[in-house]
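Biologist: I'm new to this one and would like to learn how to read it, feature by feature. Could you walk me through it?

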Amino acid sequence: MKRKQGRIAALFLLPYMIIFVIFRLGPSIAGLFIGFMKWNLAGVPKFAGIDNFKRLFTDQYFMVSLWNTFKFFILTLPPLIVLSLLLALLLNQKMRFKSVGRVVSIIPYVLIPAVVGIMWTWMYDNNFGILNFYLKKMGGGGVRWLTSEKMALVSVAIVVIWTYLGYNMVLFLAGLQGIPRDLYEAAEIDGATKVQSFFKITCPMLKQVATMVITLTLVNTVQLFDQIFVMTAGGPGTSTLTMVQYLYTTAFQNYDLGYGSAIEVAILVILVLLIKLQNKILNTNEEA
């Protein structure tokens, strides 16, 4: 019986596994091998050994893209934890239209990233953007949201926070609803305030959810491409050049597929190391 159920489960998983192998696993393995080649797409690939990987350590643009990706993670992580948790706490209360609020909060996440990028580009426009329009109405000056090297990365970070806020809210909301009400009732009987209950009960019980949010934010930050490509294409200058944007520029605009594949492998290695480091730090804190 169990063997039959296993076969049925495998049958349902088969379409996904086929798609995964063809479009995800296969290209990833191919990219690893291409990373050892010198190939401009038009000619025949030539074996280059580890030259492409050695080039990473002396490539100024790759180092800039790595630093920009790190800054982007620092800009987006605190708001995506604090704001999404506050929103989850609000929508977990007994209130009218909370279901509507939950649906509205998740809408930005289900929109196509390119559409989100185009929409916010219009809103950020220096001349007719709605944000500058109201800033000028209030007596302020217009802000060069996407054309200033100081503001461009922050502006894109705001868009990503807006996009993923509702998704993280759903994760925190699920965690909140999994906390037994008995704990809060016992704390109330002992004379604990709501603030004390939040820090002594809610926060510890949501630690695993917070860990998941941090991991997802890290993965999304390292893989960020759509909004950057649509809104700034890595500019102005190199102020919003992230690792995946640099990978795209190298492989599909400069036609250096060998070096582009080496960048892809480097991104994967960096992502794995960062996730391992994050888990080690969080596990150390839990043991302490």
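Biologist: Let's start with Gln227: is Gln227 buried or exposed?

Modeller: This is a predicted model, so everything we say is about computed coordinates. To settle a question like yours, look at the relative accessible area; under 20% means buried. Gln227 comes out at 4%, so Gln227 is buried. You'll find Gln227 in helix 11.

Biologist: Which residues does Gln227 touch, leaving out those up to four places away in sequence?

Modeller: Gln227 touches Pro113, Val156, Val159, Thr163 and Thr232. And if you compare Gln227 with Tyr255, 28 residues along the chain, their C-alpha atoms are separated by 22 Å.

Biologist: Where is Tyr255, then?

Modeller: Tyr255 sits in the loop between helix 12 and helix 13. Its backbone is worth a look: phi is near 60 degrees, a positive value in a residue other than glycine. With a relative accessible area of 44%, Tyr255 is partly exposed.

Biologist: What about peptide bonds: which one is cis?

Modeller: For that you read omega. The bond from Gly235 to Pro236 is cis, with omega near -5 degrees.

Biologist: Let's zoom out. How many helices and strands does the chain have?

Modeller: There are 13 helices and 2 strands. The C-alpha trace spans about 75 × 70 × 40 Å along its principal axes. Of the 288 residues, 36% count as buried. As for contacts with a separation of 6 or more, 66% are between residues 24 or more positions apart.

Biologist: How do I check the length of a helix, say helix 10?

Modeller: Take 1.5 Å a residue and see what span you'd expect. Helix 10 has 16 residues, so the span should be 22 Å; the end C-alpha atoms are 23 Å apart, which agrees.

Biologist: Which residues of helix 10 are buried?

Modeller: Quite a list! Among them are Val209, Ala210, Thr211, Val213, Ile214, Thr217, Leu218 and Thr221.

Biologist: How do helix 3 and helix 10 cross?

Modeller: You want a distance, an angle and a handedness. The axes of helix 3 (residues 60-91) and helix 10 (residues 207-222) come within 9 Å and cross at roughly 145 degrees. The crossing is right-handed. On the helix 3 side, the contact includes Thr69, Phe72, Phe73, Thr76 and Leu80; on the helix 10 side, Val213, Ile214, Thr217 and Leu218 are among the partners. The residues of this contact divide into 9 nonpolar, 4 polar and no charged.

Biologist: Can we take Thr76 as an example: is Thr76 buried or exposed?

Modeller: Thr76, in helix 3, has 1% relative accessibility, so Thr76 counts as buried. Beyond its neighbours within four places in sequence, Thr76 is in contact with Ala157, Ile161, Thr217 and Thr221.

Biologist: And which residues does Pro79 touch, again not counting those up to four places away?

Modeller: Pro79, also in helix 3, touches Ser84, Ile161 and Leu165. Its C-alpha atom and that of Trp162 are 9.6 Å apart, though 83 residues separate them along the chain.

Terms used. Residues are numbered from 1 along each chain as its sequence is written. This is a predicted model: local features need pLDDT of at least 70, side-chain atom pairs count only at pLDDT 80 or more; totals for chains, interfaces and linings use all residues. Side-chain values use heavy atoms; hydrogens and water are left out. Axes are lines fitted to C-alpha atoms, for helices over the stretch in contact, and angles run from 0 to 180 degrees between N-to-C directions. Helices (H or I, at least four residues) and strands (E, at least two) are DSSP runs, numbered from the N terminus. A crossing is left-handed if the near helix is turned anticlockwise from the far one by less than a right angle, and right-handed if clockwise. Contact means heavy atoms within 4.5 Å. Ala, Val, Leu, Ile, Met, Phe, Trp, Tyr, Cys and Pro count as nonpolar, Asp, Glu, Lys and Arg as charged, and the others, Gly among them, as polar. The expected span of a helix is 1.5 Å times one less than its number of residues. Buried means under 20% relative accessible area, exposed over 50%, partly exposed in between (1.4 Å probe, protein chains only).
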